[in-house]
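This briefing is meant to be read beside the sequence and the coordinates. It is grouped by topic, with the cut-offs given where each term comes up.

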There are 6 protein chains.
Amino acid sequence: MTSTIRKKTRIAEILVEALPYIKRFHGETAVIKYGGSVLVDDELKESFAVDITLLKYVGINPIVVHGGGREITRWMQKLGKEPVFLNGLRVTDAETMEITEMVLSGKINSELVSLINRHGGKAVGLSGKDANVFTARKMRPVDNQDLGFVGEIETTDVSLIKTLSDKGYIPVVSSVGESLHGETLNLNADYVAAGIASALQALKLIYLTDVDGIVLDGEVLPEFNLNEAEDLLTHPGITSGMIPKLECCVRAIKDNVSHVHIINGSILHSVLLEIFTDIGIGTKITYTKRTS
Amino acid sequence: MTSTIRKKTRIAEILVEALPYIKRFHGETAVIKYGGSVLVDDELKESFAVDITLLKYVGINPIVVHGGGREITRWMQKLGKEPVFLNGLRVTDAETMEITEMVLSGKINSELVSLINRHGGKAVGLSGKDANVFTARKMRPVDNQDLGFVGEIETTDVSLIKTLSDKGYIPVVSSVGESLHGETLNLNADYVAAGIASALQALKLIYLTDVDGIVLDGEVLPEFNLNEAEDLLTHPGITSGMIPKLECCVRAIKDNVSHVHIINGSILHSVLLEIFTDIGIGTKITYTKRTS
Amino acid sequence: MTSTIRKKTRIAEILVEALPYIKRFHGETAVIKYGGSVLVDDELKESFAVDITLLKYVGINPIVVHGGGREITRWMQKLGKEPVFLNGLRVTDAETMEITEMVLSGKINSELVSLINRHGGKAVGLSGKDANVFTARKMRPVDNQDLGFVGEIETTDVSLIKTLSDKGYIPVVSSVGESLHGETLNLNADYVAAGIASALQALKLIYLTDVDGIVLDGEVLPEFNLNEAEDLLTHPGITSGMIPKLECCVRAIKDNVSHVHIINGSILHSVLLEIFTDIGIGTKITYTKRTS
Amino acid sequence: MTSTIRKKTRIAEILVEALPYIKRFHGETAVIKYGGSVLVDDELKESFAVDITLLKYVGINPIVVHGGGREITRWMQKLGKEPVFLNGLRVTDAETMEITEMVLSGKINSELVSLINRHGGKAVGLSGKDANVFTARKMRPVDNQDLGFVGEIETTDVSLIKTLSDKGYIPVVSSVGESLHGETLNLNADYVAAGIASALQALKLIYLTDVDGIVLDGEVLPEFNLNEAEDLLTHPGITSGMIPKLECCVRAIKDNVSHVHIINGSILHSVLLEIFTDIGIGTKITYTKRTS
Amino acid sequence: MTSTIRKKTRIAEILVEALPYIKRFHGETAVIKYGGSVLVDDELKESFAVDITLLKYVGINPIVVHGGGREITRWMQKLGKEPVFLNGLRVTDAETMEITEMVLSGKINSELVSLINRHGGKAVGLSGKDANVFTARKMRPVDNQDLGFVGEIETTDVSLIKTLSDKGYIPVVSSVGESLHGETLNLNADYVAAGIASALQALKLIYLTDVDGIVLDGEVLPEFNLNEAEDLLTHPGITSGMIPKLECCVRAIKDNVSHVHIINGSILHSVLLEIFTDIGIGTKITYTKRTS
Amino acid sequence: MTSTIRKKTRIAEILVEALPYIKRFHGETAVIKYGGSVLVDDELKESFAVDITLLKYVGINPIVVHGGGREITRWMQKLGKEPVFLNGLRVTDAETMEITEMVLSGKINSELVSLINRHGGKAVGLSGKDANVFTARKMRPVDNQDLGFVGEIETTDVSLIKTLSDKGYIPVVSSVGESLHGETLNLNADYVAAGIASALQALKLIYLTDVDGIVLDGEVLPEFNLNEAEDLLTHPGITSGMIPKLECCVRAIKDNVSHVHIINGSILHSVLLEIFTDIGIGTKITYTKRTS
């Protein structure tokens, strides 16, 4: 009997350990960019859906944003199309755009909504097209080469997202937008997440990636501030793949997001770990370095 | 000058002619099943989007429901799969279901949302998975043959649809649902529309089809009541293709939808014509025959 | 059959033609000064009541303001009193004021409320006395001659008007006010309309008159801006009768009313024509000349 | 000094004496029929306006209803028309109706609204026409003689009155209504008051009259119940002039008004006296005799 | 590094383990009777305050009720009074009642409010006197001996408790009430808790005691239903001290409280353990035996 | 009969005399420091409770603040402790603090709540600990002598008080607070009242004392302004006992309380007299001298 009680007491102690974090983040909004391995590993997906549901139930408002490059490539190939990239951006002709939207809004989004709902959340799938959450414009050619239907965000209107979140729903947003001319555009989900976080004045913007954080000279940087972040943008030790993400972070911090986190989504329950434990994981960027 | 005034006066007179209809339907809900030719003809699509936007602006709350069989077939074929039907129902294996959902939620839904928004409405795309708007169960085998992921509605929870509609949005719902076991299921959009209309106690449920209404002995029946509708279900003069639609109508009327209409969606602005003119078009079914 | 459909389609097309105007003015307020021939012609009254009701139903909030000089004169004469005017202002002794109020609040107002309600609106009659919507002060003598109970607006409190309009009612306001000393005063309805439009930050202020607009050198001026309006005030080509109305327009534009219109109320459905067609009618005054 | 304190203490004691009445009636509605001498005596009018304002400030919601026979007669005579009565009802031809409405809605109503507002209330004048507060039908001929535009209430919709009262306004209602055919009708203010009190489930309905209450055998009856009231209707000792008022009382009590009072309006502050003192004045009718 | 991650992952897993309980009890009310050792042991008090705060943050609404017999006895002795008991009830003379109220409302209540607030809750101390949350009547003499100011609940009005709980506060209620004659009365906190739980239709009523639950033949009974509970009331194996508590449980279950729990408050975090773990602790009583 | 009517009419006249005050103070907040003789005289207590209840019913929102030095001393003596004062402040050791809190929160507060409720108000007892209404810090030693648990207000959060007052309750607040380190502290009720009045932007702050107001050269000063008040602080003619109270007044006026009053609480109904009569009583301090 006593051993059962002891085990249970351990459970209670851990709930109590989470209390300061629940208090601190109560009523706040966290925008979470869902990406990397978590998109393809069933156990990670499941753990992610649980994390998001739990956040909502303890009073934190999660907004999920996702892209889905690998799955787009897989479907293009099934349809006999070979993906072409330019400076890391997918060259997107009309048919590629059709496939992209079907995969993002009709498959990845829908699957994630369904997973969260199965764990008791009330997720609602959206794209930038819904109620014009964001409008976009076509990107300029890169090296004189047209990228096709690749866009960047022009305006953001989060009233639909806010309405749903306030009513207890969990918005799940795919990175598809539309231009004022009615062209469907493929957007970078990192920028979409930063744009929504800024518009909502979110407390936290969390990027789930396949790395442990921002790495400099082989070491994960646990925390730095806006000035340091801007210096890092031109630091030779930063891998070029991290630059666009770092740019998103800098922009979000400038636009009043309090904390941006880059964490490893391949760790089970990485979102909960980041939010509910005292060390946190990955890299954290703030306006001025603090320890909150 | 006077000829301009005269032309303008004609415009005013027509607006005035619409006033009694605007008054009668003000604040009411109309569920519209979008289907048939309207799905493939660009001019019809455009006219449909305008109609829906106009309804919302004059104080009537439209909810749009759609399927999309032809487009599903087209994408299956692009992916090298041949569609199989059984009693008019698509035999839906796992990959077919994937394609079905991508086409319905990621293509047709998204295109319609986008069209309505371009005309000034604030459409939001949904499927039955969002916030569990409806749960479904797999259909029983037909003639001992399993239909795969084909389902029928089990429960309907319209609180998300109602919240969005009350806040000024126009919900656009694709006929994809999910079972309690997490299986994505292909649903019949006619039944989905009837289920939503009943749950919302809608004033009107309108089916856009490729025919002019319910035809008996070569004549379109302009109006009949519930009893007559039930008689027609076994009447030899009714084409078998109409039977399931008629069943939906009967069910909706029994579940407190006031008027069900079957109209020809290939007429431009057919929805406006049905609602805002004194003769109406197509076939109208009510509980007891009236002239409102 | 096809000819009926063609006629109906024409109806739909006109509704669609009105959509951009409905969208643009949705949720906005329009103050309409009801005056001139429309007060005495039964067909014009009826068409005016329909127009106001239609505006309300399609989401625009009309506030009607009226005077009623001719009817006051008629009742004075029935009671054996001869009207006296000074600079176009009615010299108003105590008994004349009694008659004026009875005619404005107990006859014209009441008749208009009744007409609108018969067409399905929910009109509520008010005067400046109700909940002190406006307080007034007696006007100074003109040429050393006392005008009696003629007043000008001192303060405006539109909270009652706003409450009613927000709850779905259509306020109809007669140009009777009261001084702080409890004297009932006869006000100029043009100024009352301008005062209410300013206090409500109305989008539109529309004057129904017996002329086609502001006429200069025999031509109706279709549109001009604030600067031009101020110039016109001293222009010799403007008929002196138009000056007070023009002054109201200038004041309203300065006080944040977006558009002021002077239109011919003797055209059937002139209000609808002004608001719902692309050319508009009469004269339009804005802050800076635009084409919206 | 002490004598001043003593005088002030007396003031405090009287306020305290009123507390139980304020508590008991807090948040309740009282419909007050304003009639008789109070309509013509300036001091009584003033005291009435103060009473109504005070009720509102201490948390009781007054609704005032009035007619105005004598003033109608006075204006008819000024216009050279001789009033005709049939069974105590004014035979009302079209011109009489015009005068009646102008006097009731444009003079008596307006004057009362103004008086209450001058004492700090926020009165709003209404008639049965406003937002169709009540619709009426023409009364049947009496002794084969047509009464003209005399009506009786058919339907009552108190939502406008309730909205205004809830928002802090004091509705003042004149006894003019309209038939479904658009005819303006002269209504009996006693019945209007009873109809509004019933529709609002008022706690109290108070008739201000020129007598001290219901008199039987020369004695004012202080209180009786519904059964007794019905008996009195056929009692020979009741003056015939009281019968219609008594009928109104009986109807109101049956329709869930808690207390009906018939009091002498020629006593200064008669409304306050009735409500805030422990004996009350006049006659009180309740469902079952009680002492509350 | 990995060991830290592993430890953190364990934390996340435990949070996830709590999710089903958080979901099930989200938005529900739990009334907790705080009593026994928890009142005197500092570590237990602290753990109790944390538990209550945590419940509130994860969306469950706790209401705390307490008595405090031992502390009353201690202060009586300090003041030179010897406590007298009759059938387990404290004979309460006027001075004893004064001391009782000061200890309960001015000491135990205040201390608990303070502890919860220090952990981030927003507790508000109440007694039955506040806004007449409950009125009581003096108990009848026992064996012809007057118990003095000992009372039992007569009416309960939880609107104040509900208002505070809905606004995010945690009500903490001491077992002091008042009779209609203004006598302060000493109430049994077990009955107060049951009364409040019934009036709020609470999901759970939890009694913190010094025992492990209801013990029969040396074994703790883990769960039983209403019928079994009623049988136990007369079962010789139940210790007489448990009878009044069991009677409270029976009454609460009959009055629509879903689950009543008797648990050992001397276990750290006993409230969390009861609510957030799958076995629960102590004895659970339900209407019909279930396993939820 | 007429003599009864005359007496009643006098009652009505007095109610009418109070109307201007009711209007002026309608919806405003009055913070009343309950102290001096009123705490010990049963008739005065009763009259105070009636006054507070009446204020609430006529639309003024009272907040009551109290201390209770004499009663604390009485209970200390019963427990064999001799009170020690330093510069008029009670030296408060741990046990004295325990007694102080029990007396203030568990006796005086509770008794006052109960009295008000008996007269029909809905009073709710609070201390500074409830929902952290105010936090305090220990006062510095005076003449190098530690005062123990004596504190001064550091922060004030009136949201709980405002919520209760808005919902119709009457908050009654005892002068007990808590430091951030969890120490219970004895506060000066005069400062607590001033702090709450400032935080609520109260119209009135009323101090009930045992004197007739601020006395200078043997005369009560009826009214003075902020500048004069600051001069008086150093005026030799002011008794030293009045200095702290005068400091509170100055602070409150500076912090946007409109009127501060020092009145004699030993006059029956002194609060009503101050608020509802045209001369007022005691001393009134305002920002600039006015006569409102």
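Predicted model: local features only at pLDDT ≥ 70, side-chain atom pairs only at ≥ 80, totals over all residues.

Residues are numbered from 1 along each chain as its sequence is written, chains are lettered from A and ligands numbered from 1 in the order in which they are written, and side-chain values use heavy atoms, with hydrogens and water left out.

**Chains C and D: the interface**

- Contact, meaning heavy atoms within 4.5 Å, links 35 residues of chain D with 35 residues of chain C.
- The size of an interface is often given as the accessible area lost when the parts come together.
- Between chain D and chain C the buried area is about 2,900 Å², with carbon and sulfur atoms giving 57% of it; buried area is the accessible area (1.4 Å probe) that two parts lose on being put together, summed over both.
- The rule finds six salt bridges across the interface of chain D and chain C, where a salt bridge is a side-chain nitrogen of Lys or Arg within 4 Å of a carboxyl oxygen of Asp or Glu.
- Lys78(C) and Glu95(D) form a salt bridge, with their closest N and O atoms 2.7 Å apart.
- There are 20 residue pairs in polar contact across the interface of chain D and chain C, both residues being at pLDDT 80 or more. A polar contact is a pair of N or O atoms within 3.5 Å; within protein, one must be able to donate a hydrogen and the other to accept it, and residues adjacent in sequence count only if both atoms are side-chain atoms.
- On the side of chain D that touches chain C, the elements giving two or more residues are helix H3 (69-78), helix H4 (94-118), strand E5 (123-127) and helix H5 (159-166) of chain D. Helices (H or I, at least four residues) and strands (E, at least two) are DSSP runs, numbered from the N terminus.
- H4(D) gives the largest share of that side, 14 residues.
- By class, the side of chain D that touches chain C has 13 nonpolar, 10 polar and 12 charged residues. Ala, Val, Leu, Ile, Met, Phe, Trp, Tyr, Cys and Pro count as nonpolar, Asp, Glu, Lys and Arg as charged, and the others, Gly among them, as polar.

**Chains C and D: the symmetry**

- Chain D superposes on chain C by a rotation of 180 degrees with 0.0 Å of shift along its axis, at an RMSD of 0.1 Å. This is the relation of a two-fold axis.
- Gly106(D) is the residue of chain D that comes closest to the rotation axis, with its C-alpha at 2.0 Å.
- The copies meet through the same surface, because 100% of the interface residues of chain D are also interface residues in chain C.

**Chains E and F**

- In this pair, 35 residues of chain F are in contact with 35 residues of chain E.
- About 2,900 Å² is buried between chain F and chain E, 57% of it from carbon and sulfur atoms.
- Six salt bridges are found across the interface of chain F and chain E.
- Glu98(E) and Lys107(F) meet through their side chains in a salt bridge, at 2.8 Å from N to O.
- The rule also finds 20 residue pairs in polar contact across the interface of chain F and chain E, both at pLDDT 80 or more.

- Chain B and chain D do not touch, and their nearest C-alpha atoms are 15 Å apart.
- Chain C and chain E do not touch either, with 28 Å between their nearest C-alpha atoms.

**Local features in chains A and B**

- Ile206(A) lies in strand E11 (residues 204-209) of chain A.
- Ile206(A) counts as buried because its relative accessibility is 0%; buried means under 20% relative accessible area, exposed over 50%, partly exposed in between (1.4 Å probe, protein chains only).
- Not counting residues up to four places away in sequence, Ile206(A) touches Val31(A), Ile32(A), Lys33(A), His261(A), Ile263(A), Glu274(A) and Ile275(A).
- In helix H5 (residues 159-166) of chain B, the buried residues are Leu160(B), Ile161(B), Thr163(B), Leu164(B) and Ser165(B).
- Gly168(B), which follows H5(B), has a positive phi near 100 degrees.

Key. Least-squares fit on C-alpha atoms with pLDDT ≥ 70 in both.
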